[in-house]
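Please work through the exercises below with the sequence and the structure at hand, and try each task before reading its solution.

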Amino acid sequence: MKKEFWNNTVVVITGASSGIGKALFEELAPFPCQLVLLARRAGDIPEPKSKHKDTVIHRVTCDLSDPSSVRDAIDWIRKRVDRVDILFNNAGITAHGRFDSLSIEVFQKTFATNFFGPIQFIRGLLPLLLKAKGNIVTTSTVSALYGVPGRAAYSASKSALHAALEALRIESMELGLGVSLVCVPYTDTALRTSGLDAEGKVLSEAPAKGKRKTAKEVAHVLLKVAEDKEARLVTFNLSGKFLEWMRFFSPKFLEKILYKKLYDDFKSH
Ligand SMILES: NC(=O)c1ccc[n+]([C@@H]2O[C@H](COP(=O)([O-])OP(=O)(O)OC[C@H]3O[C@@H](n4cnc5c(N)ncnc54)[C@H](OP(=O)(O)O)[C@@H]3O)[C@@H](O)[C@H]2O)c1
């Protein structure tokens, strides 16, 4: 992390009340910058343990799945800051369930939070981002790289976000805007307790088995990506790279692996 990079920046973080977004906030608070923190529970975000005396923190209550709430948040931000250097487009929910058991309302709610809300929000902040020749860093997932069994709604919502933001990146090639998609592996956060089950009830699932990143580890990668406007699609580890490449080289082999590896998980949903 280039410490001087962050001095005097205006940084917007969606989903700053928990997990990866909260870790980003805590890592940035020691720098003299303006931090605009969004979440439905933004009002409950406590003061960080360590904070620079010149750091300014704005807490903006926003429900990304509600267009009028997103509109209010955009208006609020436009009145208070004159540019946005970095937007961490981080908030999101997961949804667990097989394609044939997921209700259409769960598809809609997942897309409202992970796709339509972020798209509306980014469009609203685009003039401020372009003014700063800023950078949009999206917390995405390896599940956006291929349809993952048991995660049809989540995978689809994040893949759709990839496509829309890739289009934005190409369209703004000469305007100095950075647009990156960071495909995060399993991370220890509240994602599985706050997500939706197939019927739209709160998920409350145990954390994923096996190796998991900490929110702080992921935040460090996101901060490095934010400093590099050339970053595009970022995967973390071997399994991310495997998915990234195998979807082109041998989708049939990849599907067999996903079937075997995730069988117990998607059979039970
Ligand atoms: N954890 C993982 O294994 C993992 C892996 C790959 C990608 N990711 C991605 O990482 C991002 C952050 O998730 P996390 O793992 O840190 O989970 P988390 O601890 O559950 O945090 C999710 C954040 O998103 C916010 N959020 C959820 N719904 C929202 C809504 N309707 N409007 C506004 N904010 C909303 C939550 O705030 P409020 O509840 O206060 O609104 C919270 O701050 C997500 O986009 C997720 O897809 C996570």
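For residue classes, Ala, Val, Leu, Ile, Met, Phe, Trp, Tyr, Cys and Pro count as nonpolar, Asp, Glu, Lys and Arg as charged, and the others, Gly among them, as polar. This is a predicted model, in which local features need pLDDT of at least 70, side-chain atom pairs count only at pLDDT 80 or more, and totals for chains, interfaces and linings use all residues. Residues are numbered from 1 along each chain as its sequence is written, and side-chain values use heavy atoms, with hydrogens and water left out.

**Exercise 1.** Find how the lining of the second largest pocket divides by class.

Solution. Begin with the lining residues, which include Glu166, Arg169, Ile170, Lys229 and Arg232; a pocket here is an open set of points on a 1 Å grid, where a 1.4 Å probe fits, with protein on both sides within 12 Å along at least five of seven lines, and lining residues have an atom within 4 Å of a point. Sorting the lining by class then gives 4 nonpolar, 3 polar and 5 charged residues. Finally, helix H4 (residues 152-171) gives the most to this lining, with 3 residues, helices being DSSP runs of H or I with at least four residues.

**Exercise 2.** Decide whether Ser204 is buried or exposed.

Solution. Recall that buried means under 20% relative accessible area, exposed over 50%, and partly exposed in between, with a 1.4 Å probe and protein chains only. Ser204 has a relative accessible area of 54%, so Ser204 is exposed. Its phi is positive, about 50°, although Ser204 is not a glycine.

Key:
Helix = DSSP H or I, 4+ residues; strand = E, 2+ residues; numbered from the N terminus.
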